[in-house]
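Student: I would like to learn how to read the features of a structure, one by one. Could we go through an example together?

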Amino acid sequence: MQDKLLLVPWAVAIVYSSIPLFWFAIHPFAESWRRMKRSPYRALVPIWAIIILAIGWLTWPWHARQIYSTPWMWLPALLLFFFGFRTYRRVFAEFGEHKLSGEAELRPKEHKQELVTTGLHARMRHPIYLAHLVNLAGWTLGSGLLVNFALLAISVLGTFPLMVLIEERELEQRFGDRFREYKARVPLIPVPAGKNVSRVVRPGA
């Protein structure tokens, strides 16, 4: 029974850890995806599914191996879940589904291009990435699964600095001095509220 319950945190960790790999299938080839007449997600969704299945296949031999089994570790995990999902809710409200999914970036002719610097983005440059890692950390701490700790470490290294570095180069190409000014003013990780005042900067504004 316990092994079956551990399938849940293992499966969740697989999905979260697939995000950096899926991201690397998008951003380095963004220009190619943008040139497609049809939605690039016709190809990207199957690619993501393959990535998830591949991680599941590779980690299956260790899916139930725990470093520890301590029920009270779910208490700090709940705090991480609260922070992570609260961040998701705020980012979704501020960012919108098209930007959150990456569709606005890959189909620029159909969606207004804007550099969002309000809300959570006034305090940190990549709140959605932080939310992903926080939720994965919650499932890792709560379950004590060895493979989850490994996937968390790989995800952290894949996100910071690799994903951030590549994405910020692309944002600098799209928004130029506006993004450079935002980057100089807003830190990568959260800072106390009230230290940053920002706005939404639109191309041509």
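Student: Is Phe 85 buried, partly exposed or exposed?

Tutor: Relative accessible area settles that: buried means under 20%, exposed over 50%, and partly exposed in between, with a 1.4 Å probe and protein chains only. At 48% relative accessibility, Phe 85 counts as partly exposed. Before we go on, keep in mind that this is a predicted model, where local features need pLDDT of at least 70, side-chain atom pairs count only at pLDDT 80 or more, and totals for chains, interfaces and linings use all residues. Residues are numbered from 1 along each chain as its sequence is written, and side-chain values use heavy atoms, leaving out hydrogens and water.

Student: Thanks! How many helices and strands are there in the chain?

Tutor: Both are DSSP runs numbered from the N terminus: helices are H or I with at least four residues, strands are E with at least two. Here the chain has 10 helices and 0 strands. Of its 205 residues, 42% count as buried.

Student: How do I describe a pair of aromatic rings?

Tutor: A ring pair is described by the distance of the centres and the angle of the planes. Rings of Phe, Tyr and Trp (its six-membered ring) pair if their centres lie within 6.5 Å; planes under 30 degrees apart are stacked, over 60 edge-to-face, and the rest tilted. The structure holds 8 aromatic pairs. In one of them, the rings of Trp 74 and Trp 139 have centres 5.8 Å apart and planes at 85°, so this pair is edge-to-face. The pair links distant parts of the chain, with Trp 74 in helix H5 (residues 74–95) and Trp 139 in helix H8 (residues 127–143), 65 residues apart. Trp 74 counts as partly exposed, at 31% relative accessibility. Together, Trp 74, Phe 81 and Trp 139 form one aromatic cluster.

Student: And how are the rings of Phe 85 and Tyr 88 arranged?

Tutor: Their centres are 5.7 Å apart and their planes at 65°, so Phe 85 and Tyr 88 are edge-to-face. Being 3 residues apart in helix H5, Phe 85 and Tyr 88 are separated by about one helical turn. Tyr 88 is buried, with a relative accessible area of 17%.

Student: Which residues make a nonpolar surface patch?

Tutor: Patches are made of residues with over 30% relative accessible area and no salt bridge; like charges are joined within 9 Å, and nonpolar side chains (Val, Leu, Ile, Met, Phe, Trp, Tyr) within 5 Å. A salt bridge is a side-chain nitrogen of Lys or Arg within 4 Å of a carboxyl oxygen of Asp or Glu. Areas come from the Shrake-Rupley method with a 1.4 Å probe, and for residues only the protein chains shown count as cover. In this structure, Trp 72, Leu 75 and Leu 78 make a nonpolar patch of about 380 Å². Trp 72 sits in the loop between helix H4 (41–59) and H5, and is exposed, with a relative accessible area of 57%.

Student: What about the inside: which residues have the most contacts in the largest nonpolar core?

Tutor: A nonpolar core is a set of buried Ala, Val, Leu, Ile, Met, Phe, Trp, Tyr and Cys residues joined through side-chain atoms within 4.5 Å. The largest has 32 residues, and those with the most contacts inside it are Tyr 16, Leu 44, Leu 106 and Tyr 129. Helix H2 (7–26), helix H3 (30–34), H4, H5, H8 and H9 each supply at least two residues of this core, and H2 gives the most, with 9 residues. A second, separate core of 6 residues includes Leu 115, Leu 171, Phe 175 and Val 186.

Student: Which residues does Leu 44 touch?

Tutor: Contact means heavy atoms within 4.5 Å. Not counting residues up to four places away in sequence, Leu 44 touches Phe 22, Ala 25, Ile 26, Trp 33 and Leu 106. Ala 25, in helix H2, is buried, with a relative accessible area of 14%.
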